[in-house]
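Q: Could you take a close look at one part of this model for me? I'd like to hear about the contacts between the chains.

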Amino acid sequence: MRAFDYASPPTADLALKALAGGTDTVVMAGGTDLMNRMKDDVTSPGRVVHIAGIKTLAGIDAETIGAATTLATLVASKVIKDKYPALWQAASEVGAVQLRNMATVGGNLLQRPRCWYYRTGNGLLAMKDGKSLVRAGDNRYHSIFMTEGDALFVAPSSLAVALIALGAKATILGADGKERTVAIEELYSIPKAEGESELTVGKGEILTKVILPKTVGKSASYEAREKESYDWPLAIASAHVVLEGGKVKVARIVLGSVAPIPFRSEAAEASLIGKALTPETATAAAAAAVKSAKPLSGNAYKVKLAEVAVKRALLAAVGQIYWEV
Amino acid sequence: MAASWPENPRLITTRITRLDGMAKASGKAKYPSDMRPEGTLFGVMLYSSLPHATVKSIDTSAAEKMPGVKAVVVIVKEGATLRYQGDDIAAVAAETEEQARDAVRAIKIVYEALPHAVTEAQAMAADAPVVVKGGNVKKGRASTTLEKGTETIDAAFAKAESVIEGTYSVPVITHVCLETHGLTAMWDGPDKIVAWASTQAVQGTANELAGRFQIPVSNVTVLTDVMGGGFGSKFGADIWGLTAAELSKKAGKPVKMFLDRIQEHLAGGNRPSATGKIKLGAKKDGTLVALAAETFGTGGVSRGAQFPLPYVYSIPNTTREHADVFVNGGNARAMRAPGHPEGCIIMEAAMDDLADKLGVDPLEMRIKNLAPKDFRTEIYLEEIAIGAELIGWKAKRKPRGKNGNGPIKTGYGMALHQWGGAGARDKQVTCTINPDGSVELRSATQDIGTGARTVLAIIAAEVLGLQPTDITSNIGNSTFVPGQASGGSTTTPSMAPPALNAVTQAMEAMFAKIAPAVGGAAADLSLKDGKLLVKGEAKMSWKDACRKLGMTSITETGKFTDGLSAGGVAGVQFVEVTVDIETGKVRLKKIVAVQDSGLIINRMAWDSQVSGGVIGGLNYGLFEERVMDPTTGQMLNADMELYKIAGASDMPEIIVHALDTPAMRARGVIGIGEPPTIGTAAAIGNAVTNAIGVRVTQWPMSPKNVLDALASASNQGKA
Amino acid sequence: MSTEGSDLPVVEESMVVPCRHLRNKGMYIYTDGSGGESHDGYDNTIYWCLQTMKSFGPDDDQVDGHECRQPGRSCYEAL
């Protein structure tokens, strides 16, 4: 870790000022990702602006979740659990209890990738002499979709997957003090060159709120992972369906940990419209979801995991859980 | 009369809380990495970021001028070869850790990168870069054993009625000591050192410090009151310990230098990988006929990848060829039962596969092939019967792949292992009985998890009719009488006999001294329930009896005597798993560990050692793997995140069954540290295979390896 | 060591005194001269040099029970 300035302002306005004032400033909420990046010398900001103490940024009020709300608070909410199970399930699997006490919703959405090439100082796209270290190396945890380019890390936020499936939005406070609202999926883009970020929230801006839709259908998330404790998804899917007369009227199916941005599968959604949600139709939707997968040399197994995650998220949404003993 | 273990012990073999347990759990215990004497500086090591390089130049001038920096030491000369990421170059001591790290970054190193090989595939390729002069692959001589009348191994296989061939592989793992390697060194004048070291060998470490600085070893005190794990990797001062002492000498202040987690993975040692290309043949009834094995493994830039094979079972015809492969990836160090977990995995996978092909119960196949004249055979038979009962082998186990209707399949696996664990015969313990009734035991041994302190106290309390909490047990000081270095599962069997003798001698000396004052002959005196008995009648309290010693304590030094300890243990483990064949996720449900180790001094600590060994083994079986990047030669998971270790939610039910029988007790004390970690990963592999009906040949049993095995089998039309 | 066809006596390796800086784990544990680390059929002893604390000696060659019994080696110092 290198020396840095530290500010912990009590209001969002003062936070904006602090972010504008220093060189190379970053926002810190729970710090569960930022601190590690700083210790590993992957990120060395000149100034860290701590926002978790800003009261207006934390807490759940009807459909609005403050960005500085801890995952523990989110998971403790009965409303979230009952009405937005996809979100609740994704959040309750993050890390472990201790981590969720510190980690925040905003921080989870804006955390940087876990890619071990990135984390060992090889850059976000991990290129060396014009060649991708990921392609040539150990890519077992990397992307299986959108793998034509050089951005082969996977988007790490499991909350983003659930929130996009639910159709949620985020509010961003711009450096000029003006607020704008965007769909969660607009928080992410695929970088094309080293130096570009996979996050669209700009320097000097603060993610302030997540806004859930008032009306939602049934939803669920399913996460395939290795360890029970403190681990990352190998593949995660969130399914959100609105049923009318027993048939799927609207479907939003999103996958995570499989592409450089949260991956929405219109193919899987299309295969379900007008059909009942059954093991057969869920299986077909899952197959459709992975049809376009182009795995790398070491992660073909993730195609199967992504497929299973979609199938299970869909069936879990309607209470058909076949995989537990 | 030579002391012996009591026929009906009061304390020995029972469950006794560790004397230092509460201190450790509450954070009160001071670990070597907690020690910060007045003025302590922080030492940080600069290590090679490249896997293979020559040092062209080292310039520490900028670093020396940075704020807080008090000393800089350069370890390698210009022109030296660095052989792995993590290889030590130079070190800085500064007033704060941050200042030291800033200064290390300011050291200007010019490397000349050399081609590297960090995976076995890279090192064994035809045009591989040179890792080690003389070749990256060091092949040993093939060794062949044939029974009388059999001319060649092929002729032996011709007699087999069923043969399997398979290649099984387990990767390099690191020790992951919770407390990293290091020490805090403090000079007292120009020729005296005190060092608080995280070490398994206080006296070995003291000798090395003395040798490096050419000072008398009696001027060096190494203190290890408690320490956070070694697993075989902490036997000496290491380069960072010697460097800390050198920095301390230069700076005139104590220097604390412990590796960070990244360095611990890179430079703290590793358990070599193992791959076995196996051909195993048997008769129809499961009796083994022949084994042919081609094996290799890597320990990085050092040797150490050999392992026992055949393992446990009696095979009349065998041929074995092994190669050590060198890669630019760390330096192997002994790790808990070196070689045995690897050999067990490969042997037991082959046994299981052959049993499956024959349609023979894998348990019966094990029994069939135990060595007829081996003392362990009786023990294995007993342990197998107990373990099979505890896991429900007969009732619950089904043929491969047939256990479970949905995607969740249940599987059972087993493995046998063995170890030595006899004590060294040259260690001592001093026992002091003071006039105030306090009793102190001392020896220069240390506790890496054995509960050594409590073992000594239990023995003293047993003899003196007291409670373990009445005894002060001091270890971890290199200036005490010679104590056992903790390795090979030798600590308890080395220390228990001298402890018994020391206390017995002290008691006899005490009786001789106080007999006149208490109205009896020395032979009339005994101790029971905290009291002194004269001719069988309780006369006074222990404390009152001690007061009769007057002004002087009794001190006796006990040495090793025969008949109190032994070596050679068996052990059997059974595992129950479920595997989700859609996600490849393995869930451990139950692990049964049936283990013998002679006379068990502290049953609670013993159960804990067995559990701990099983936990180490389940990590080896399910999660651990060192991942190297072929292009940059870096270790990609030098952390506790993607180097995966089980957490609380990953734990299965662990059933520990001690084979604590009169026959075992009669053997005397045998070490337990290593055996329980040997068979677990092997049994897990077999359980997973039993569950899914396909052999997973690559450890660990991760979703990737399980799904890859299923996909491969399905491609070959086997599933 | 003898060479094939010569009439020099065969020198058993164990008769050659190892360099005083040679170390392996067994030297710390099996101090009573009883066992050792090497076993029938496999030898996985890991050696290091006290001079360098590594598995490579001051002459930058490998440290080994065999290599460190060569009196001709530049860094060899008899016990």
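Which side chains meet in a salt bridge at 2.2 Å, N to O?

A: Those of A:Glu228 and B:Lys585. A salt bridge here is a side-chain nitrogen of Lys or Arg within 4 Å of a carboxyl oxygen of Asp or Glu. Before going on, a word on the ground rules: this is a predicted model, local features need pLDDT of at least 70, side-chain atom pairs count only at pLDDT 80 or more, and totals for chains, interfaces and linings use all residues. Residues are numbered from 1 along each chain as its sequence is written, chains are lettered from A and ligands numbered from 1 in the order in which they are written, and side-chain values use heavy atoms, with hydrogens and water left out.

Across the interface of chain B and chain A, the rule finds 10 salt bridges, along with 20 residue pairs in polar contact, both at pLDDT 80 or more. A polar contact is a pair of N or O atoms within 3.5 Å; within protein, one must be able to donate a hydrogen and the other to accept it, and residues adjacent in sequence count only if both atoms are side-chain atoms. On the side of chain B that touches chain A, helix H3 (97-105), strand S28 (585-595) and helix H19 (703-715) each supply at least two residues. Helices (H or I, at least four residues) and strands (E, at least two) are DSSP runs, numbered from the N terminus. The largest share of that side, four residues, comes from H19(B).

With contact meaning heavy atoms within 4.5 Å, 37 residues of chain B touch 35 residues of chain A. Chain B and chain A bury about 3100 Å² between them, and 54% of it is on carbon and sulfur atoms. B:Glu582, B:Leu636 and B:Lys644 supply 19% of the area that chain B buries against chain A, more than any other three residues. Buried area is the accessible area (1.4 Å probe) that two parts lose on being put together, summed over both.

Chain B also meets chain C, where the contact takes 42 residues from chain B and 26 residues from chain C. Here about 2700 Å² is buried between the two chains, 50% of it on carbon and sulfur atoms. The count between chain C and chain B is six salt bridges, and the side chains of B:Arg83 and C:Asp60 meet in a salt bridge at 3.1 Å, N to O. Helix H1 (26-29) and S2 of chain C each supply at least two residues of the side that touches chain B.
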